[in-house]
Amino acid sequence: MNKSDRMLAIVLELQRGKVQRAEDLALLFETSVRTIYRDIQALCEAGVPVVGEPGVGYSLMEGYFLPPISFTAEEAVTLLIGLDFVEQRFDHYYKSTSLTSRSKIEAILPGPLREEVGQIRQGIRLLRSADSDAREREIEHMGVIRTAMQRKLKIRFHYHKPGTVNETVQKTIRMSSPYGMLWMQGSWMLIARCDLRQEIRHFRISRMSDLEISTDPYELPPGFNIHSYSPPDNRDVYVRAWFHGRIADRVIEANNYYMEKAELQTDGLYADFRVRHPEDVLQWMLGWGASALVLEPESLRNRIREEASNLLKHY
């Protein structure tokens, strides 16, 4: 980033209203603290009202704003594609704001640039997933959860956890403190501290029902940040499987969440998985039919034999 771009970025960062230390700005823009000092001095000399308080940081004088920012075609397309995703995957409040945001972005684009952006967007499309009861429930619940997080109030809900092949759906009542939401593997997940389990748990939002905001307050743990949060890895069961060479490409493209390594050899594809329970990949392995073979563990091989036997009874 050159000096002019960095100075503009500093003003934009300060314009967000948060006091910034020189050390934080240096880390953000990957430069030295001395360089930040020089940039701040240059901004002040240019008439930008930067207020510095020793030991606290820098901020902009209240009421100062930059004039509207112009976009390149690529930047405008990036923003508009992001709004397409928000419209499809977020709750109804953000869906409506994405529509107004799109109108504002398109309104400030000069005519020739608007036409160029339109041409680029004609070749890019986000496919909308088919609407379903689970999808609508997920969107509705996201709005409730977002409100609870803003008010720092716990939520109460019924959680439906699918059982194994021979078990029924498990349904429990949970009271949880919502810490954040993650988009993962095509679904929204709630990261929350569960009162029942007394620890942070992950809940698939589409599996919730009877969701409501309680009157019980909560506080985020000191230092918790959803953007740097890393869930504990308790997948300590290893599964090794073989796949026929003719489906090797399809297996790799499936990008199974639990697959850690895949190696194509002369007699087929060998893949290693790491799971919490062998049942985590049972249905997925069965889906490949006779073109897949579990090599280990023996417990999963036995479960597949059992399912194959039960399947044969139906035919």
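A contact, in what follows, means that heavy atoms of two residues lie within 4.5 Å. In this predicted model, contacts between residues at least 6 apart in sequence were examined, and 58% of them join residues that are at least 24 apart.

The chain contains 10 helices and 11 strands. Its radius of gyration is 26 Å, well over the 20 Å that the globule rule gives for 315 residues, and the chain is therefore more spread out than a compact globule. When taken along the principal axes, the box filled by the C-alpha atoms of the chain has dimensions of roughly 80 × 50 × 40 Å. Of the 315 residues, 35% count as buried, while the accessible surface of the chain comes to about 19,800 Å², with 52% of this area belonging to carbon and sulfur atoms.

Attention then turned to the empty space in the model. Rolling a probe the size of a water molecule over the atoms shows where such space is left. The second largest pocket has a volume of about 280 Å³, and 13 residues line this pocket, of which Leu-286, Gly-289, Ile-304, Arg-305 and Ala-308 are the closest to its centre. Two or more lining residues are given by each of helix 9 (282-286), strand 11 (292-296) and helix 10 (298-313), and the largest share, six residues, comes from helix 10. Sorted by class, the lining of the second largest pocket comprises nine nonpolar residues, three charged residues and one polar residue.

Terms used:
Residues are numbered from 1 along each chain as its sequence is written. This is a predicted model: local features need pLDDT of at least 70, side-chain atom pairs count only at pLDDT 80 or more; totals for chains, interfaces and linings use all residues. Side-chain values use heavy atoms; hydrogens and water are left out. On a 1 Å grid over the protein atoms alone, a cavity is a set of points where a 1.4 Å probe fits but cannot get out, and a pocket is an open set with protein on both sides within 12 Å along at least five of seven lines; lining residues have an atom within 4 Å of a point. Grid points are joined across faces, edges and corners, and a volume is the space filled by probe spheres set on the points. Helices (H or I, at least four residues) and strands (E, at least two) are DSSP runs, numbered from the N terminus. Ala, Val, Leu, Ile, Met, Phe, Trp, Tyr, Cys and Pro count as nonpolar, Asp, Glu, Lys and Arg as charged, and the others, Gly among them, as polar. The radius of gyration is taken over C-alpha atoms; the globule rule is 2.2 Å times the number of residues to the power 0.38. Buried means under 20% relative accessible area, exposed over 50%, partly exposed in between (1.4 Å probe, protein chains only). Accessible areas come from the Shrake-Rupley method with a 1.4 Å probe; for residues, only the protein chains shown count as cover.
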